Each structure stands twice: as C-alpha cells, then as structure tokens.
Amino acid sequence: MTSDIPTVGERTTLAPSVERLLSHGPTADLHLGGVEAYAEERRHHTEILGWHNLSEEAKAQAPIGQVEFTAVRTKHGTIPVRVFYPKSGEAYKADGAAGALVYMHGGGYTVGCVDDFEHGLRVLSEASGCQVYAVEYHRAPEYRYPTQLDEFSAIVDWVQGAGGNKRGVHPDRVAGGGDSAGGNMTAALALRRRDEGKKNIAAQLLVYPEARLPFDTKGCQENNTGLYLEANGVFSFADHYLPRGVPPATRYVSPGMQDIDTLKGVPQALVFTAGFDPLRDVGVEYAHKLQKAGNTVRWIHHADLTHGFLQFGPWSQECLDATKEMGKALGEALYST
C-alpha cells in the first residue's frame, strides 16, 4: 500500500492544461475565497461549473447509468440528495452488494452546490462502480456547525439502512467522502461516529481536505494566490462555519490538530492531495497522522495539479485522469471486502 507518508508535500511544474485553464480558460476569473461576496461566488461557480452550463463535449466525458433526484428528512429539514448509478456497478446493485459513497462537496462550507460537482462525481461513480449520493447540505453562514455534520450523518444512516437497501447497497460498503471543506467534514464524521459508537463509514475519501487551518504551512505560503483557491479566503470560510463559542481546535472542526493517539480506530482513508494547493500540507500531514495512528491509509499526490481538480475535468485531461484514478481507488477499497 502506501509507504511512510511525509508531513509536507511537494509541487513540480503545473500541468499545461491547468495552467491554460487558470490563465485564459473558463476558470481564469473564478476564485474560491476571493474578494467577492460569497453570494457572487456561488453564482459565478454555477455559471462556469454547473452541469447544465457545460458543453456537450464535456458532458460526453461523463456518461452515467442513471441519475435519481430524491430527498431525506433530517432534524434540520429536508435535504436533497442526487444519486448517481454507474453502469459499471449494475451487477453489484442487482445482487444487493453495491458500494456507495455519500459525498459532501467542497466550497468552504459556503460556496458550491451539487450541480457544480456533477461532472466529477459521474466520472468518480463510473470509475469506481459505486453509487454516489451527493448531498445538497445546508451551507454556511446561514447554517453553522454542527448542522452539516448532523445532515451528513443522517444521510449515512439512511444509505446504510432502508435507503441503501432499496437501491441494492450493501450496508458494509458505504463510504463517506468530500473535497476541501467536504474532506474536513468527512474526517470529522469518521471521528464523531467512532466516538458515538455508531456503525462507521467503510472508508473515508479525503480529497485535498482542509484537515485544519493551513496558515503555518509551506504549501499555503507558496500557493497563496492565483491558483483558484485563495489562501486568505480560508479566514472567511472558517468564520462562516463556526458559531461563536466553538474553538477552531474542536475535534470535529479541526481533525488535523488532534494528537495521533486520538486518531486511532477510524475507517481506512484514501487521501488525495495536489502540489499547487494552499491546503496541500494539511492534507499530507493528516494522512501522515492517520498512518502513525495505525490506520490503513492510501495517499496519492498529484504534484502538478491544483485545488479543485475534481471539477476541472471538462477542460483538463490531467484532472479528468486524476478523478478516474480516485474512482478506481475507491472501488478497490470498497469491493476488496
């Protein structure tokens, strides 16, 4: 599997397709955590990344067996869930043995919606053979911690139970995952469900996760601006997410700040990081800590990519290939048991 994981990642040369995309492609003026109001960032992201706004050529890259639009009632209200059923997983589904991924999208808890992530999640689903349950959770700052974790856990319960059973999912093959802030919430949920004594997720898919605030890291300094995620914007996202009185070092807010001894006994982790990402080193460091705590960890580092590569597949073959690789790793993790 993975040899000893370092605490700091590296970057090489930015992939040419990503460099073009960031300099004069569709995302040249797209920033996560920029100076714009968050409502404007939400609108702008969907204008560029929303499935309904992609070209037919881009959509052809991401075929899927079926898409279902459903919803689950939680204590915080009704949460829309978009389910992607891969053709590659039809035999597993028919046997009641399908793997599933409950996915919390990134965007600093504040920006983004499932439409913005549909392309990447379709690719991930087909490459893995697993159903993907994309959660349209309540965003900050209108809703703050722990609302989103409560909703995440409720959807996991539903997929492990009646919702998944109806759709051919094996209850022992339900993973949780997310990118950026969604990766933070996935790491936090794995800890929380362990502590609560609940049936845990089968694996945690951590895609360039914000395991903790990154401001003291080399990755944050050398990737501070101009690479889609604006490092200084992380301040505002943290402020949006945390209610007053909740310290940033809280276990389920900053998993990456916790002592190694407190990270024992969590589900296997698939950790994906990117060289040109302000969050690079907090993701690498968390993978290192999980491994030191005795957990099964698979770390895959793309030294030539940037934050957001899951969403950049429509314009970058390197990003598309990295997303397919992620799906393959997920399928191997869930179908090896």
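What follows is a short tour of a predicted model, going from helices to loops.

**Stop 1: helix α1.** Start by selecting residues 16-24, which make up α1.

**Stop 2: α5 against α12.** Keep α12 on screen and bring in α5, residues 114-128. Two packed helices are described by the angle between their axes and the distance between the axes. Here the angle is about 45° and the axes are 7 Å apart, which makes α5 oblique to α12. The crossing of the pair is right-handed.

For the contact itself, show side chains on both helices. From α5, pick His119, Gly120, Val123, Leu124, Ala127 and Ser128. On the α12 side they meet a set of residues including Leu320, Thr323, Met326, Leu330 and Tyr335. Sorted by class, the contact between α5 and α12 has seven nonpolar, six polar and two charged residues.

**Stop 3: two cis prolines.** Go to the loop between β4 (131-135) and α6 (147-160), where you'll find proline 141. Check omega on the bond joining alanine 140 to proline 141: the peptide is cis, at about 0°. Proline 146 is also in the loop between β4 and α6, and the bond from tyrosine 145 to proline 146 is cis too, with omega near 5°.

**Stop 4: tyrosines with positive phi.** Select tyrosine 109, in the loop between β3 (98-104) and α5. Its phi is positive, about 65°, although it isn't a glycine. Is tyrosine 109 buried or exposed? Its relative accessibility is 4%, so tyrosine 109 counts as buried.

Next, jump to tyrosine 208, in the loop between β6 and α9. Tyrosine 208 isn't a glycine either, yet its phi is positive at about 30°. With 1% relative accessibility, tyrosine 208 counts as buried.

**Stop 5: threonine 217.** Stay in the loop between β6 (203-207) and α9 (218-222) and select threonine 217. At 7% relative accessibility it falls under the 20% cut-off, so threonine 217 counts as buried. What does threonine 217 contact, leaving aside its neighbours within four places in sequence? Show Arg212, Pro278, Asp281 and Val282 to see those partners.

Definitions and conventions: Residues are numbered from 1 along each chain as its sequence is written. This is a predicted model: local features need pLDDT of at least 70, side-chain atom pairs count only at pLDDT 80 or more; totals for chains, interfaces and linings use all residues. Side-chain values use heavy atoms; hydrogens and water are left out. Buried means under 20% relative accessible area, exposed over 50%, partly exposed in between (1.4 Å probe, protein chains only). Helices (H or I, at least four residues) and strands (E, at least two) are DSSP runs, numbered from the N terminus. Contact means heavy atoms within 4.5 Å. Axes are lines fitted to C-alpha atoms, for helices over the stretch in contact, and angles run from 0 to 180 degrees between N-to-C directions. Angles under 35 degrees count as roughly parallel, over 145 as roughly antiparallel, 65 to 115 as roughly perpendicular and the rest as oblique. A crossing is left-handed if the near helix is turned anticlockwise from the far one by less than a right angle, and right-handed if clockwise. Ala, Val, Leu, Ile, Met, Phe, Trp, Tyr, Cys and Pro count as nonpolar, Asp, Glu, Lys and Arg as charged, and the others, Gly among them, as polar.
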